Amino acid sequence: MKKLITGIGAGLVDASRSAVELWLVYVGTIAGIVRGRRGGRPKGEIMRQMYAIGNRSLIFIVVTLGFIGMVMTYEACLQLQRVGIADYSQVGMQYIKLIVTDFGPTLTAMMLATRVGAGIAAEIGSMKVTEQVDALRMSGVLPIDYLIVPRFLASLVMTLVLTTIGGSVMYAAGGLTAQYSFGVNPSLFFDLHLLRSRHLILMLVKAVSYGAAIPVVAGFCGLRARGSSEGVGWATTAAVIGSSFAVIVLDFVISAAALFVTGGDL
Amino acid sequence: MSVEPAGTAIRLRNVRKSYGRHDVLAGVSLDVPRGGRLGLIGPAASGKSVICKLVCGLEQPDRGEVEVLGESVVGKREVQLGDLRQRIGMLFQNYALFDFLTVAGNVAFPLEQRGGMAVGAIAERVATRLRAVGLAGSEGKLTGELSGGMKKRVGIARATVADAELVIYDEPTAGLDPVTTQKIYDLLAADQQRTGATVLAVSSDVVALAKFVDEIAFLYHGHIVYRGPAATIADAPDPLVRQFVRGELEGPLEERRA
Amino acid sequence: MTWIGTWLRNIGAGALRVADEVGGILLLTWMVLRALIPPKIDWRELVKNLYKMGNRSVPIVVLTAFFAGGLMTLQTGPFVKKFGAQALAGWGAGYAVLREIGPILIALMFSGRVGANNTAELSTMTVTEQLDGLRALAIDPVRFLVVPRVISMIVMLVALTVIGDLVALTGASIVGRAMLDIEWATMFHSFADNLKPYDFLHGVYKSIAFGGAIAVTSCYFGVTVRGGAVGVGKAVNAAVVAAAVSIMLLDFFLTYTTG
């Protein structure tokens, strides 16, 4: 029993220490942005990162969100059918609201946490274990400025872009499913009139938060890699879980806050 | 940045460093005068690389003082060490070349980060350095296209391009054939003659090292147990050192207690 | 016009690479199935893997499931409340969790925690030539390494999905009570009334498929790795991406075919 308690205690101490370090990386990233080019960031790195994050994840996002869009619509209509409500008029309207306020940003971010999170941790991690990060420091460069800041800025932009694209794909795929499997008229499905500006603001807040969290968590894990190939593998694993989990927690917190602010009526 | 009154480039006092429960350095004290050349030898995993990293401020000691080029590095944050580091050049044991840059990019990097040099001047300096290490014409190559010896030489070029006041070489000739080894040491010697820099060199090849440095220190079980002239290292008064240098199986040397 | 040519060539190369990977994964699946008949399995490896994978992932899955369940209530709860249909609150959160969100999210987390780790381990073993070492000892790496891991991952993912589903429903109830003032009893009754056992089983079938997909993709990318530390990072990256895509595709097919 005592061993269990000390185990949990040690785990908590470890976790809080890591949390503090993670926070410091985040603060360091913001400081790095403020410092601008003086930290040693190479020219054009942000564009390069935007390409790496955005262009190369595009097909992945389109495919995964398209499929999940079809599945969700199918399930929703199926349930309505089972419960006996044969009226599908609400489905499209509620669906787009759910996409904008939650599933669009969150699912896109979950997919990005896998692809981009792993990628960033793998890159930075292998640089760390081959001592390139130390070599950077020897030239007076701050690793956070050089490695994490460009990815951070690129991710903010690209996550938003991909969220928009992904959400649209989900919506379109949902409409197709509704039409082909349940005979729902497209004009009935694609009805935007329930959408308010606060929904779009919520989407923006979520997408930006996720876009900020993923590179910070992944970069943090990468910089902590130790050993050789094993260390890189471990760092990549930690990054995927860490960023996925961060997305879920942020989703919960932001959704709850939004509910609170709007008095329970979204 | 005027010349410091103290003539010491590196000053370690009672430095301790542990990783987990493993005490790598258990009270190391070391002085290296400006312009001096010190070789550091010892059994594998005795902490030689750790000392190199401490001197650059890449790691912080658990206890003790570390003073480099007149400045203390203990307790300083990354941002504060930038200026000091630009006066130091380091060759890493595994080269640590940037695999996202070409050879020229790698060698030019310290100069670019320091700022204050025109692009043309940087390119010229890089070309000169590469010629000096025997890699003229390799500017555009990527690190993946280089052999081990070539990578080492690029590392040396990068470490010496900014004419640093202190240069640290962590195993400059490990894994190289005898002829290349000699060429490399000739290179390092010529460079040091030119700049008058202080040199700290870690090596397992004691014979070749001894021809390059003035003195050799022996790191054993976390302490510097011997320090003496390089020329007579094989006949050192300490039996531990003698056994190590001559590569004898019998003698007082023991395995490190974990 | 040359950029169109380059673009097409890139797409072609990408498509070929994907085809190559898919082929390899299917081949590995076939090899695993073949190795199961007759079932000559290294029991020690199996038990070791079961322990490793299950133990490690319980905390993260439980936490994720809790938040996911809570999220579902946050999404569907206000809607339900507005129509005064408190009794359907459990339905709203519940069926989404059991049929979709639960299995998918837990599978994604499992892929991240166990799948990525598995790829990392196998890659390191490959890079350090341990696989060749096994072959030299006339031990079939598929039978010895891959099959126990595949079985363990499927078993563990199913177990974790079951646990996760329960935790998610609990999380949904807690959030319902704390933030939307929906009584416990209301929630439980609406779970009981509206959720059929088949909904639960549907999620479990999915987790079997997801487990297999994660297992085979993670092993595939682990044993086909090339290059040192950098290669390992790329292999893990590829593995989690492939697993995510497979999860989505399988979800689609299973939803349509088994309703």
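Student: At what angle do the axes of helix H7 and helix H8 of chain A cross?

Tutor: Two packed helices are described by two quantities, the angle between their axes and the distance between those axes. In this predicted model, helix H7 (residues 197-223) and helix H8 (residues 229-261) of chain A cross at roughly 155 degrees, and their axes come within 9 Å. Because angles over 145 degrees count as roughly antiparallel, H7(A) is roughly antiparallel to H8(A). The crossing of H7(A) and H8(A) is right-handed.

Student: Which residues of H7(A) and H8(A) make the contact?

Tutor: On H7(A) they include Leu202(A), Val205(A), Lys206(A), Ser209(A) and Tyr210(A). On H8(A), Ala235(A), Ala238(A), Ala239(A), Gly242(A) and Asp251(A) are among them. By class, the contact of H7(A) with H8(A) has 16 nonpolar, four polar and two charged residues.

Student: How is the packing of helix H3 and helix H4 in chain B described?

Tutor: The description again takes an angle and a distance between axes. Helix H3 (residues 103-114) and helix H4 (residues 119-132) of chain B pack with axes 9 Å apart, at an angle of about 125 degrees. That angle makes H3(B) oblique to H4(B). The crossing of H3(B) and H4(B) is right-handed. From H3(B), Ala104(B), Val107(B), Ala108(B), Leu111(B) and Glu112(B) meet Ile122(B), Arg125(B), Val126(B), Arg129(B) and Leu130(B) of H4(B). Seven residues of this contact between H3(B) and H4(B) are nonpolar and three are charged, with no polar ones.

Student: In what order do the strands of the open sheet in chain B run, and is the pairing parallel or antiparallel?

Tutor: Strands of a sheet pair through backbone hydrogen bonds, and the pairing is either parallel or antiparallel. The sheet in chain B has four strands in the order S2-S1-S4-S5, and its pairing is antiparallel. Strand S2 (22-33) and strand S5 (71-72) of chain B are the edges, each pairing on one side only. Strand S1 (residues 8-19) and strand S4 (residues 63-68) of chain B run antiparallel and are joined by five bridges. Arg11(B) has Glu67(B) in S4(B) as its bridge partner. Helix H1 (residues 48-56) of chain B packs on this sheet and touches S1, S2 and S4 of chain B. The direction of H1 makes about 120 degrees with that of S1(B).

Student: How many residues of chain C are in contact with chain A?

Tutor: An interface can be read from its counts, then its elements, then its residue classes. Here 42 residues of chain C are in contact with 48 residues of chain A. On the chain C side, helix H2 (43-82), helix H3 (89-127) and helix H8 (229-258) each give two or more residues. H8(C) gives the largest share, 17 residues. The side of chain C that touches chain A divides into 25 nonpolar, 12 polar and five charged residues.

Student: How many residues of chain B are in contact with chain A?

Tutor: There are 16 in chain B, in contact with 12 residues of chain A. Helix H2 (78-85) and H3 of chain B each supply at least two residues to the chain B side. By class, that side has nine nonpolar, four polar and three charged residues.

Student: Where in chain B is the pLDDT below 50?

Tutor: Where pLDDT is low, the predicted coordinates should not be read in detail. Chain B averages a pLDDT of 85, with 96% of the residues scoring at least 70. Residues 1-5 of chain B are the stretch with pLDDT below 50. Beyond near neighbours in sequence, that stretch has one contact in the model.

Conventions. Residues are numbered from 1 along each chain as its sequence is written. Chains are lettered from A and ligands numbered from 1 in the order in which they are written. This is a predicted model: local features need pLDDT of at least 70, side-chain atom pairs count only at pLDDT 80 or more; totals for chains, interfaces and linings use all residues. Axes are lines fitted to C-alpha atoms, for helices over the stretch in contact, and angles run from 0 to 180 degrees between N-to-C directions. Angles under 35 degrees count as roughly parallel, over 145 as roughly antiparallel, 65 to 115 as roughly perpendicular and the rest as oblique. A crossing is left-handed if the near helix is turned anticlockwise from the far one by less than a right angle, and right-handed if clockwise. Two residues are in contact if their C-beta atoms, placed from the backbone, lie within 7 Å. Ala, Val, Leu, Ile, Met, Phe, Trp, Tyr, Cys and Pro count as nonpolar, Asp, Glu, Lys and Arg as charged, and the others, Gly among them, as polar. pLDDT is the predictor's confidence in each residue, from 0 to 100. Two strands pair if DSSP finds at least two bridges between them.
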